[in-house]
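Good morning, and thank you for coming. Please look at the sequence and the structure on the screen while I speak.

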Amino acid sequence: MAARKKAARSVREQYQEAVASYVAAGGDESVQRVITAVNSLSRKLDQWYTRQLADLDLSHGEWSVIAVLATSEGRPVTPSQLADASNVAASSMTHRLDKMTERGLVRRSPDPENRTRVLVELTTQGWELFEAAVREANVVESDVLAGLKREERDQLAALLEVVISGLDEIETA
């Protein structure tokens with residue numbers, strides 16, 4: 001019965017209980033409200049993205065490669081750069097790229113400036129999969145933000161961008 005009660009709690013109730021627990025343990029309420037909200041949102045979106053990737057027959061690792069390549073401003077990327085961006089070992093990236101090449105999602109070619117290096121880029125099929133995933137995600141993401149007016153979304157984005165900028169300062173300190 002206790003498990004059923006826990007599952008029946010709304011996302012908002014779970015959020016409020018978590019904030020209350022962190023505050024009771026000595027956390028600053030305004031900080032805990034923001035961090036807990038961002039974490040809750042991230043967890044829920046991750047659950048949806050996991051289902052979406054499964055529907056697209058993609059693993060998280062494959063999506064990571066596709067996203068890095070799609071956002072690399074049209075420049076091919078080395079396997080080691082992809083491994084670093086995905087936080088995996090180079091050997092794991094090689095195996096992942098083998099599978100993605102077989103599926104026609106990426107293309108590997110020798111670097112014309114350094115013949116010992118390989119460059120990776122998306123194929124047309126890889127681009128189509130990226131675009132389909134973004135369009136599907138945008139539907140859910142738009143629904144998540146539907147309670148905010150355009151100006152409020154812009155304001156929220158600007159505030160979060162300030163927080164993100166502060167992350168760089170914390171890491172270099």
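This is a predicted model: local features need pLDDT of at least 70, side-chain atom pairs count only at pLDDT 80 or more; totals for chains, interfaces and linings use all residues.

The largest pocket holds about 950 Å³ of space. A pocket here is found on a 1 Å grid over the protein atoms alone, as an open set of points where a 1.4 Å probe fits, with protein on both sides within 12 Å along at least five of seven lines. Grid points are joined across faces, edges and corners, and the volume is the space filled by probe spheres set on the points. The lining comprises 25 residues, those with an atom within 4 Å of a point. Nearest the pocket centre lie V38, L41, L145, L156 and L160. Two or more lining residues come from each of α3 (29-55), α7 and α8 (150-172). These labels count DSSP runs from the N terminus, with helices (H or I) of at least four residues and strands (E) of at least two.

Residues are numbered from 1 along each chain as its sequence is written, and side-chain values use heavy atoms, leaving out hydrogens and water.

Let us turn to the core. In soluble globular proteins, nonpolar side chains tend to be buried together. The largest nonpolar core has 20 residues, a set of buried Ala, Val, Leu, Ile, Met, Phe, Trp, Tyr and Cys joined through side-chain atoms within 4.5 Å; buried means under 20% relative accessible area, exposed over 50%, and partly exposed in between, with a 1.4 Å probe and protein chains only. Among those touching the most other members are L58, V65 and V106. At least two core residues come from each of α4 (60-70), α5 (79-86), α6 (90-102), β2 (114-122) and α7 (124-144), and α4 gives the most, with 4.

Which residue of β2 stands opposite V106? That residue is L122. Strand β1 (residues 106-111) pairs with β2 in the antiparallel sense over 6 bridges, where pairing requires at least two DSSP bridges. A hairpin through 2 residues joins β1 to β2, and D111 has N114 as its bridge partner.

Finally, consider E171 in helix α8. Is E171 buried or exposed? E171 counts as exposed because its relative accessibility is 66%. The C-alpha atoms of E171 and D55 are separated by 36 Å.
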